Amino acid sequence: MPQHTPPRPICGHCDGFPTVTITTGTRTPDGQRQTITAHCPACHGTGHTAPAPARAHSRIGA
């Protein structure tokens, strides 16, 4: 049977929409709108978060 990898959690900052295009309000010489692309700073444009690292157990006391 094939092994399926579990889906990675979706980024909570961008809700899975990691890249957006924003219009600057100006137009290019041929009449199109000037745009810039912005990526989510939390997931770096992937749309997913990295799995949380395993917690280390610590012992308190002697």
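The legends below describe several views of a predicted model.

Residues are numbered from 1 along each chain as its sequence is written.

**Figure 1. Overview of the protein.** The secondary structure comes to zero helices and two strands. Helices (H or I, at least four residues) and strands (E, at least two) are DSSP runs, numbered from the N terminus. Of the 62 residues, 10% count as buried; buried means under 20% relative accessible area, exposed over 50%, and partly exposed in between (1.4 Å probe, protein chains only). The accessible surface comes to about 5,800 Å², and 58% of this area belongs to carbon and sulfur atoms. Accessible areas come from the Shrake-Rupley method with a 1.4 Å probe, and for residues only the protein chains shown count as cover. Among contacts with a separation of 6 or more, 47% are between residues 24 or more positions apart; contact means heavy atoms within 4.5 Å.

Figure 2. Strand 1 covers residues 19-27, and strand 2 covers 33-39. The two strands run antiparallel and are joined by six bridges; strands pair if DSSP finds at least two bridges between them. Five residues lie between the strands of this hairpin, and Gly 31 in the turn has a positive phi of about 100 degrees.

**Figure 3. Gln 32 in the loop.** Gln 32 belongs to the loop between strand 1 and strand 2. With a relative accessibility of 52%, Gln 32 counts as exposed. Its contacts, leaving aside neighbours within four places in sequence, are with Thr 26 and Arg 27.

**Figure 4. A nonpolar surface patch.** Val 20, Ile 22 and Ile 36 make a nonpolar surface patch of about 230 Å². Residues in patches have over 30% relative accessible area and no salt bridge; like charges are joined within 9 Å, and nonpolar side chains (Val, Leu, Ile, Met, Phe, Trp, Tyr) within 5 Å. A salt bridge is a side-chain nitrogen of Lys or Arg within 4 Å of a carboxyl oxygen of Asp or Glu. Val 20 is in strand 1 and is partly exposed, at 38% relative accessible area. Ile 22 stands opposite Ile 36, which is in strand 2.

**Figure 5. Cys 11 and Cys 14.** The structure holds zero disulfides. Cys 11 is in no disulfide, and the nearest cysteine sulfur, in Cys 14, is 3.8 Å away. That spacing between the sulfurs of Cys 14 and Cys 11 is too far for a bond, because a disulfide is a pair of cysteine sulfur atoms within 2.5 Å. Cys 11 counts as buried at 1% relative accessibility, and Cys 14 is also buried, with a relative accessible area of 14%.

Figure 6. Most residues other than glycine have a negative phi. Asp 15, in the segment before strand 1, has a positive phi near 55 degrees. Asp 15 is exposed, with a relative accessible area of 55%. His 44, in the segment after strand 2, has a positive phi near 60 degrees. At 67% relative accessibility, His 44 is exposed.

Terms used: Predicted model: local features only at pLDDT ≥ 70, side-chain atom pairs only at ≥ 80, totals over all residues. Heavy atoms only, no water.
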